[in-house]
Amino acid sequence: MALALAMPLHHLLAAPPSTSPAAVAAHEPAGALAHRASPVRRGRLRLLSRRLSAAPLPALSSQGAGAVAEGRPTVLVTEKLGAAGLELLRKFANVDCAYELTAEELRAKVSLVDALVVRSATRVTREVFEAARGRLRVVGRAGVGIDNVDLQAATEVGCLVVNAPTANTIAAAEHAIALLAAMARNVAQADASLKAGKWQRNKYVGVSLVGKTLAIMGFGKVGSEVARRAKGLGMDIIAHDPYAPVDRARAIGVDLVSFDEAISIADFISLHMPLTPSTSKLFDDETFAKMKKGVRIINVARGGVVDEDALLRSLDNGTVSQAALDVFTEEPPPKDSKLVHHENVTVTPHLGASTTEAQEGVALEIAQAVLGALKGELAGTAVNAPMVPDEVLLELSPYVVLAEKLGRLVVQLVAGGSGIKGVKVVYSSARDPDDLDTRILRAMVIKGIIEPISSAFVNIVNADYVAKQRGLRIIEERTFLDGSAEIPIDSIQVHLANVESKFAGALSDEGDIKVEGEVKDGAPHLTLVGPFSVDVSLEGNLILCHQVDQPGIIGKVGSILGKMNVNVNFMSVGRTAPGKQAIMAIGVDEEPEKEAAKLIGDIPSIEEFVFLKLR
Ligand SMILES: NC(=O)c1ccc[n+]([C@@H]2O[C@H](COP(=O)([O-])OP(=O)(O)OC[C@H]3O[C@@H](n4cnc5c(N)ncnc54)[C@H](O)[C@@H]3O)[C@@H](O)[C@H]2O)c1
Ligand SMILES: O=C(O)[C@H](O)COP(=O)(O)O
């Protein structure tokens, strides 16, 4: 299956296969692993020549992707989908095709499924997300417009929404051209008249397209394809789109103009903007009044961008001489809709995307995106999560693991009851800021901090929202390094300010709990705890001991763990100076029994120690 390259959403990426010292040493006895990290060496600007091993994107396990890992996920399809897409879904999931569900039936079904695939007719409301009770992980919109999906509600519950933004572009553009020509030449009306036994050649004299001005309102994918085609018909094209690049328009010979200019000089106006709060009923009485008398309007975008009552008035008073509508505020429109039955209006029942080719395309596109998301991957067509290019996702994947581990680690150092308000994440990098997208890393730090202390399920979709809800302020800073920008990040520091720590050794000179990590040979390493440099792999769990540096302690702790059958995979000691305060960081596979913890605590020179669960 050619799934789009993507980033895990629901939890960690597995660490890449590694031949790092950590991995090699993983099964050696504790004593043999002990080594001392060099004393504190903050502020150094190391030349970074190592190359990150690109982490393969693994099949995922544990919470979130469980349905895929433990069995087949269930996908509910509520509108007709192209056969190839359905076939692909059925290869990897149980597919329930249930069309024309009432809102109540949809709410009843949605808690039983992992994914929902819809087109434009299914209203995926807040109530639907609430009814899903956390099971629904992805909504796939087999098409472009996502105005039928409550994105805010999806984001709040961490449900990814993906769409299929490109596969029906040409179909929609062709339909706009079909309506343009049909309207200008009264094709639908003449057809109905002839079938009714009449022969009305004089009544259905049309207007020519050549030399007429067509205003494209919304110069995106569909709008620009309509422009290309209309140029071929000899029309003069202007466009209005506040966000479209001038160069792109110029490249196909289209002038971008203001809204008022577009609507006031056009003979034909074709609508191609999305329905959003700012475009809702954009075409109202006031707008129609500014149009050239006798203008013709085509709407293949969304019914809601037009005030349909105002359009009807404009048709009746002759401001608009004809309209061709594929979309309506309410779909299907009321049977007695005056607009639909108006003699100067040509209508189709939302057929813009309905070609065999487009439907096969969107079905395949959405099936791939949904299956990828169920595997815990983030496709490039995610609507409510950062759009991060595949190559960036791949490059950042080891740092994603590191960011979450650091979050998980730092939160466990907080003394209960002190409350966390501010989190500072500092990225040290030689990269230009524009060349380092940290949104995913920030999300993973948040996930690492919040999940161990709450029942919240945090992913890249809802991380910022969950943090905000909890009053957690996240500040991101950059430390610029000289040196090679070949690797994206040298280190990530996570600071928690104004909190008490259950492990005083983790407090920096400023009184923050501070930890730092790096990616080494593709694996996450802890490199700093408070003021102490260490170097320990974060692939397992961690014990931190704070002691006065003296010979023999490493051996004592190691032998206690060995006796208690706790496998040590890495050990590192950081100290400020020989014989002074030191920290021992021990990577362990299992959680030590209480007895082992007591024995370690009883070692006289150990001042404090803490076990940190990192997986
Ligand atoms: N009838 C159908 O079956 C059908 C098929 C495909 C797409 N559509 C609809 O067509 C619309 C466009 O689709 P697309 O794929 O071209 O999307 P797109 O995102 O590529 O293009 C939309 C463009 O509208 C612009 N825009 C946003 N607000 C605007 C405003 N106030 N004024 C002018 N322009 C504005 C955007 O900058 C963007 O360039 C969507 O609403 C989509 O749902 C309908
Ligand atoms: O936004 C879209 O992609 C179109 O309006 C198509 O909608 P449909 O999938 O319901 O045909």
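A: Let's start with Leu 214, which is buried, with a relative accessible area of 1% (buried means under 20%, exposed over 50% and partly exposed in between, with a 1.4 Å probe and protein chains only). The model is a predicted one, so local features need pLDDT of at least 70 and side-chain atom pairs pLDDT 80 or more, while totals for chains, interfaces and linings use all residues. Residues are numbered from 1 along each chain as written, chains are lettered from A and ligands numbered from 1 in written order, and side-chain values use heavy atoms, without hydrogens or water.

Leu 214 sits in strand β6, which covers residues 213–217. Strands (E, at least two residues) and helices (H or I, at least four) are DSSP runs, numbered from the N terminus. Leaving aside residues up to four places away in sequence, Leu 214 touches Val 226, Ala 230, Met 235, Asp 236, Ile 237, Ile 238, Phe 268, Ile 269 and Ser 270; contact here means heavy atoms within 4.5 Å. One of these neighbours, Ser 270, is 56 residues away in sequence, yet the two C-alpha atoms are 7.3 Å apart in space.

Two of the touched residues, Val 226 and Ala 230, lead us to helix α10 (residues 221–232). The axis of α10 comes within 8 Å of the axis of helix α8 (residues 169–184), and the two cross at roughly 50°. Axes are lines fitted to C-alpha atoms, for helices over the stretch in contact, and angles run from 0 to 180 degrees between N-to-C directions. On the α10 side, Val 226 and Ala 230 take part in this contact along with Lys 221, Val 222, Glu 225 and Arg 229. Helix α8 brings Thr 169, Ile 170, Ala 172, Ala 173, Glu 174, Ala 176 and Ile 177.

Back to the strand itself: β6 belongs to an open sheet of 7 strands, ordered β8-β7-β6-β9-β10-β11-β12 and paired in parallel (two strands pair if DSSP finds at least two bridges between them). The edges of this sheet are β8 (255–256) and β12 (345–347), each pairing on one side only.

Further along the sheet, β10 (residues 295–299) and β11 are joined in the parallel sense by 5 bridges, and Arg 296 has Gln 322 of β11 as its bridge partner. All of β11 is tucked away: 6 of its 6 residues are buried, so the strand is largely enclosed by the rest of the structure. Helix α14 (residues 308–316) lies across β11 and β12, at about 140° to β11.

For context, the chain also has an open sheet of 5 strands, in the order β2-β1-β3-β4-β5, again with parallel pairing. Its edge strands are β2 (94–97) and β5 (160–163), and neighbouring strands are turned by 20° against each other on average, direction ignored. Here β1 (residues 74–77) and β2 pair over 4 bridges, with Thr 74 facing Asn 94 as bridge partner. Helix α4 (residues 83–92) lies across β1, β2 and β3 (115–118), at about 135° to β2.

Stepping back, the chain has 21 helices and 22 strands, and 54% of its 615 residues are buried. Among contacts between residues at least 6 apart in sequence, 70% join residues at least 24 apart.
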